[in-house]
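These are my notebook entries on a structure I consulted. I record what I looked up, entry by entry.

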Amino acid sequence: MASRPPLFPQRRYRKEINRSHSPVLANVMPWLSIMLASVVPQWLSIFSAPVLPPFGYLMLVAWRQVRPGVLPVWAGLPLGLFDDLYSGLPLGSGILLWSMTLIAMELLEATYPWRGLLVDWLAGSALATGYILLTCLIGGHGAPAIAIAPVLFQNLASILLFPLVGRFAAWCDRLRLMRFRSIQ
């Protein structure tokens, strides 16, 4: 006999007796996951050129697409500063690019309030491509010879891994909204 789906699937989000969200976890999870994702490429990288995608930036875009209201527009400043400290780019480049990204995402949300997977993937891929190209120009300090192969590989990896990063952001969001026993 096959099991039937629950009659009320939204019950998971209703208030139950002695259960409530953790306000600390609800507020800290997006920031902490983005900051940890910014550090991951430096842990795993032993190459002289950037090969791994900018996971912190991809996580920022994914969080903004999963939950548009959880990160304010000014969040690009502290998160971009944290990424600048670990990425090796000139100080202020991450602040500028991450802030511009959040402003662009805000305009995209106002223009297309109802989106799907394809639109989110295209928007995230376009933003990641622009970010990678601009960081190559900023980080190269105007050098005319930029290695094309690592940049293309990094861009392709960013485009292909963006849906997985979005799924991870959605999993972190479910963890963020998990209910714990509360004492009243």
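I took buried to mean under 20% relative accessible area, exposed over 50%, and partly exposed in between, with a 1.4 Å probe and protein chains only. I worked on a predicted model, in which local features need pLDDT of at least 70, side-chain atom pairs count only at pLDDT 80 or more, and totals for chains, interfaces and linings use all residues. Residues are numbered from 1 along each chain as its sequence is written, and side-chain values use heavy atoms, with hydrogens and water left out.

Entry: Arg-64.
I looked up Arg-64 and found that it counts as buried because its relative accessibility is 5%. Arg-64 belongs to helix α2, residues 55-66; helices (H or I, at least four residues) and strands (E, at least two) are DSSP runs numbered from the N terminus. Leaving aside residues up to four places away in sequence, I listed Gly-69, Leu-71, Leu-102, Met-105 and Glu-106 as touching Arg-64, where contact means heavy atoms within 4.5 Å.

Entry: α2 and α4.
I then examined how α2 packs with helix α4 (residues 93-111): the angle is about 25 degrees and the axes are 11 Å apart. Axes are lines fitted to C-alpha atoms, for helices over the stretch in contact, and angles run from 0 to 180 degrees between N-to-C directions. The two helices, α2 and α4, are therefore roughly parallel; angles under 35 degrees count as such, over 145 as roughly antiparallel, 65 to 115 as roughly perpendicular and the rest as oblique. On the α2 side, the contact includes Arg-64, and on the α4 side it includes Leu-102, Met-105 and Glu-106.

Entry: α4 and α5.
For α4 and α5 I noted axes that come within 11 Å and cross at roughly 160 degrees. That makes α4 roughly antiparallel to α5. Among the residues that meet are Trp-98 and Met-105 in α4, and Ala-123 and Tyr-131 in α5.

Entry: α5.
Helix α5 (residues 117-139) has 23 residues and should span 33 Å at 1.5 Å a residue, which agrees with the 32 Å between its end C-alpha atoms; the expected span is 1.5 Å times one less than the number of residues. I found several buried residues in α5, including Asp-120, Ala-123 and Tyr-131. The buried residues of α5 pack against α2, α3 (76-87), α4 and α6 (148-176).

Entry: Ser-22.
Lastly I checked Ser-22, in the loop between β1 (19-21) and α1 (23-44). Ser-22 is partly exposed, at 21% relative accessible area. Ser-22 and Phe-180 lie 158 residues apart in sequence, yet 6.8 Å apart in space, C-alpha to C-alpha.
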